[in-house]
Amino acid sequence: MVDVNCKVEVEGIQVTPLLIAAEKNDFQMVHCLLNKGAERVMEPKKNTAYDEDITVGLLRLKEYGAISSPAYICFTSENPLLSAFHFSRLLRCMSTSSGIHMIYSEDYLKLVDRADDFTVALLELCKNKETVSSLLKDCCKSKTKWWNKEDWKTLREAFDKKQKKFVADSKTQHVIQSAWIDGQPFWAENSGICWKLIYAIFLLIMCGALQPILALSHIFIPCSPVSRFIKSPKTKFTMRMISYATFFCLLIIKEALISQHVHVFSPQGERIIIVLLYIWTMGFLLGEVQQAFCQGAWQYCCDLWNVLDITVLLLIFASIVLQSIGHEVVAGNPYFAVTSLLVTLALLRGMQFFYLHEKLGSMLLSFTSMAGDVFAFICLFLIVVFSFAMSFHVLHHYYYSEDGGKTALSTFRTGIATLLWTIFGKDATDQMDVYDLRYTNFTDGSNTSNTSVPVFTLEKSHLVITTTTSYILYCVFCFLTLLILLNLCIAMMSDTFTKIQDNIDIEWKFERSKIWMDFIAGPVLASPFNIVPTYEFLRSCVKWIKGGPSEMPCIYEKQLVRMLTLHYINKHMLGQKEYVCSSEDSDHRISGVTTESNV
């Protein structure tokens, strides 16, 4: 006789029993109501209307809290782990969105933490490495071994949804690191400086000097014993680094020697270097296309390091076009500007691999996290500079300096440049004094032969009021920029550094794991050997043309998630049951004490 879908008003908000139970994360009540036919809580729509009622915003918060609760996810989702990933990303977007939702940002962040803790709790229920590996890899066995986009599906989804706690967990890190060092010699993980030095020399010889031999053996003899070593993610990383270093050396030789007509190499050698540089560039372009195919176009473009790769390639092609159009490099040619930017970005691109080192990776994370503070400081600083540059322009544009020329602050453009350099220690007080220059004529009486010819002379008068105003404006500018804004920027960066240090281990492991995954699930050969199609690639193309299934159906992974979810439900329902029993016992004790006191 009870209507499980009835709506009641709680604090002015119409709610259902299931919404209340899910928001409170009550496993028993959620299970009971769903079994009795309670209607599921629908995902609310995002609304940014400025005239939205308060009760609507609170109801939306309650609905998000209900559908993202572990109790509701466990009983309503086919894959609770991926559903928790989805809701965590959705709630994080709600907490950072503008408009009416930013009022409840702290509440949404609490829901994000609860969803993240739920995913970690499911992971902690895995008791061995095989279970964790099956959960992360999704157990999809591909019939074509060239590139399987569904391999490591759960872990890829964790990267996409920014599940940093899940990725940084010790069990996840154990599986990823085991895959990272797979295929390496057994003595590679020995501690000690001597062993590390021997291992570094071994990698340089195998992946550097012998890389062409390894690449050719993988292309033409894919089943050889060498194939397991070259398919190792650590080997692929080392070959990629050596390939990139070779590319950068070829770029430096071309721009610093060949383009500047420094005759170190013979004409034939110069042509060989240019051809090798273009071949390496085509290999890098093909590698970026493969990476975009694996990650997806949108996910690929969201990574700033990939954007930097695209920029470097575009600059290379732009330099080729400019050099071919100009036929001869002359002064003032935009070719020099393009190549200078190209060399700088190509060298900075290698900074991403600093994430693999614990100390350098932590420093790079702190550096990148302060970009927002620096941008905010630049915005405030430019507003101050523009306002004062305009003031000095109005004050100085009619007058002159002591030497008779215009001051550096007389024009708006030079005024901005002068004030910008002030923050770097350049003193501009010598530009504050202004003078009024007037030409007066008089007749020289000593010249009796021609007394009617006028002789002009220059009179210079110091303008005290204008000079004083200039000094006052400059003092105010220095006070605002050097004393207030600059120290404010330092304080903001210090605060950001302190915040990032609290979670530096999680942040660093997440970034390092992303780089590891690029080589674990990425192509084998580095540029320029990746231009040659391999046997696995050709077999994948044939399978794709025939239209046959390229993947085995994944059944065990769903059973594994269900089993983990069942363990999680039993654990929490038992805990809530014990809590209810202890509460009832305490109520009985309290009632007994009250009865005795009344007696």
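Here's a quick briefing on the aromatic pairs, a nonpolar surface patch and the cysteines of this structure. Keep in mind that the model is predicted. A search of the whole structure turns up 24 aromatic pairs, and there are 0 disulfides.

**Aromatic rings**
- Phe237 and Phe353 make an edge-to-face pair, with 5.5 Å centre to centre and 65 degrees between the planes.
- That pair ties together distant parts of the chain, 116 residues apart: Phe237 sits in helix H14 (residues 233–258), and Phe353 in the loop between helix H18 (334–348) and helix H19 (358–369).
- Phe237 is buried at 14% relative accessible area, and Phe353 counts as buried at 16%.
- Both belong to one aromatic cluster, along with Trp180, Trp516 and Phe519.
- Tyr244 and Phe247 form a tilted pair, 5.9 Å centre to centre with 50 degrees between the planes.
- These two are 3 residues apart in helix H14, so about one helical turn separates them.
- Tyr244 is buried at 18% relative accessible area, and Phe247 is buried at 2%.
- Arg512 lies over the face of Trp508, 4.3 Å from the ring centre.

**Nonpolar surface patch**
- Ile272, Val275, Leu276, Ile279, Met282, Phe317, Ile531 and Val532 make a patch of about 630 Å².
- Helix H15 (residues 267–295) gives the most to the patch, with 5 residues.
- Ile531 comes from the loop between helix H23 (504–520) and helix H24 (535–546), and counts as partly exposed at 40% relative accessibility.

- Cys249 is partly exposed, with a relative accessible area of 46%.
- Cys475 is in no disulfide; the nearest cysteine sulfur belongs to Cys478, 6.7 Å away.

Notes:
Residues numbered from 1 in each chain as written. Predicted model: local features only at pLDDT ≥ 70, side-chain atom pairs only at ≥ 80, totals over all residues. Heavy atoms only, no water. Patch = residues over 30% accessible without salt bridge, like charges linked within 9 Å, V, L, I, M, F, W, Y side chains within 5 Å. Areas by Shrake-Rupley, 256 points an atom, 1.4 Å probe, with all protein chains shown as cover. Salt bridge = Lys/Arg side-chain N within 4 Å of Asp/Glu carboxyl O. Helix = DSSP H or I, 4+ residues; strand = E, 2+ residues; numbered from the N terminus. Buried < 20%, exposed > 50% of the residue type's maximum accessible area, 1.4 Å probe, protein only. Disulfide = S-S within 2.5 Å. Phe/Tyr/Trp six-rings, centres within 6.5 Å; stacked < 30°, edge-to-face > 60°. Lys NZ or Arg CZ within 6 Å of the ring centre and 35° of its normal.
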